[in-house]
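Here is a short report on selected parts of one structure. Please keep the sequence and the 3D view at hand while reading.

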Amino acid sequence: MASQRIAVVGAGYVGLTAAACFARLGHDVVCVDVDKAKVDALSRADVSLHEPGLAPIVSAELGTGRLRFVHGLPDDLSEVDFVFVAVPTPTGADGAADLNAVDTVLDQVRDRLSANTVVVVKSTIPVGTVSRLTALLNRPDIAVVSNPEFLREGHAVEDFLHPQRVVVGSENQTAARRVASLYAGTRAPTLITGSASAELVKYASNCFLAMKLSYVNSLAELCEQLGADIADVTEGMRLDQRIGSTFLTPGPGWGGSCLPKDTKALLATALSAEVDFSLLDATIATNSRQAHRVVAKVRDAAGGSLTGVRVGLLGLTFKAGTDDVRDSPALAVAELLAAEGAELTGYDPCVPGGDAVGSVRVVASPYTAIDGASVVVVLTEWPEFAELDWKRVGDGGRAVVVDTRDLLPVKKVREAGIRLVAVGKPLVGQNNHRE
Ligand code: UDX
């Protein structure tokens, strides 16, 4: 497709990635944000997001002139072929998505667009939103299209330029095909469908991933009681291509800015449609219980009480590869530990030492978090934690490590004289498991 003129509204994680990558794909992009400081920083290629490859693309495309940032919506958008809406749709009071920011953008662009411009909603929006926005926009000569994003934090550029799929939904199939052709350079499989289906694909995918994770976390709990090893069980499962080989690692629960929001939103949609989506309800409830399960393990490891116990936390972000602590299961566990009187020191390679994050005193070295702690808890799957000098930790008399991610080398840690409490492994004393 020839170069198109695209306005992206919202320079957050989704909008900035889309703006930079559309420019990289050869389009002429203006990225709009209400935050002047953010616009000024981005105009200097100063990218604060922890996304590999994003800053170099922003810098390069500023250089080509295909990408620019502006503060506030330009008065004249008549030259623009597509307007991408990438503003936040946070969880509202009732669990449903709050769409005020999206509606505001539609109100603002209504009188600035020429005919045949396509309004594309990339923000995650509940099913039925495109048809509501079409009425709100009230421009029969302008189509509104759903184009959900499937970016994983820490892999946003990779996932945008090499997507596993492009999904576009609209009752105006011509407009949908025009949007799909913007991604021609990615050669990704493309699904063009109605707006409701496109909106639902996003929620359906994220909620399925969440369900898979809650399933494996419950399976891990069962393994402990049955003398089975979750690593072997999931290895056996992975060999079935229908199950897939990822999202089968137990953890302290799933978190981040998407899965918790999207599971609540889809459940709210199901409730308003009077559909009993109890499987999703159970997925969410299982995840809420996971933090309490971890706390029980830590409390047991501390001898039954956490009052005044010094606990060292390894990992604070919601997953490895990001600096994002929003809805982090690690912090959910930390607050529960603090509520029982634990004194928390935490280390995370992407969280600056010296700060306090909630009840956690953040330090700059994993060994500072470990030294002086009666119990150490691995909460985020940063690979560096497996490579720590566990012999030194053992020599320092650190008795117990709770590994909620099954990340640590069991043999090496135990040989260092450390009592390792893993997840989904046979309880100590059961002998039918491999080291
Ligand atoms: C997710 C979806 O993957 C992505 O497609 C969508 O566009 C946005 O939401 P993200 O929020 O970046 O992406 O997180 P993801 O990588 O999916 O991880 C979600 C949570 O699951 C994290 O807390 C992670 O630690 C946890 N997780 C993931 C596990 O506990 N075990 C696993 O095997 C994988």
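Leu16, Thr17, Ala20, Ala23 and Arg24 of helix H1 meet Leu54, Ile57, Val58, Ala60 and Glu61 of helix H3. Contact means heavy atoms within 4.5 Å. By class, this contact of H1 with H3 holds seven nonpolar, one polar and two charged residues. Ala, Val, Leu, Ile, Met, Phe, Trp, Tyr, Cys and Pro count as nonpolar, Asp, Glu, Lys and Arg as charged, and the others, Gly among them, as polar.

The model is predicted: local features need pLDDT of at least 70, side-chain atom pairs count only at pLDDT 80 or more, and totals for chains, interfaces and linings use all residues. Residues are numbered from 1 along each chain as its sequence is written, and side-chain values use heavy atoms, with hydrogens and water left out.

Helices (H or I, at least four residues) and strands (E, at least two) are DSSP runs, numbered from the N terminus.

| Element | Residues |
|---|---|
| Helix H1 | 13-24 |
| Helix H3 | 54-64 |
| Helix H12 | 329-339 |

The axes of H1 and H3, lines fitted to C-alpha atoms over the stretch in contact, with angles from 0 to 180 degrees between N-to-C directions, come within 9 Å and cross at roughly 55 degrees.

In H12, Pro329, Ala330, Leu331, Val333, Ala334 and Leu337 are buried, that is, under 20% relative accessible area, with exposed over 50% and partly exposed in between (1.4 Å probe, protein chains only). Their cover includes helix H11 and strand S9. Gly341 follows H12, and its phi is positive, near 95 degrees.

Glu221 lies in helix H8. At 35% relative accessibility, Glu221 counts as partly exposed.
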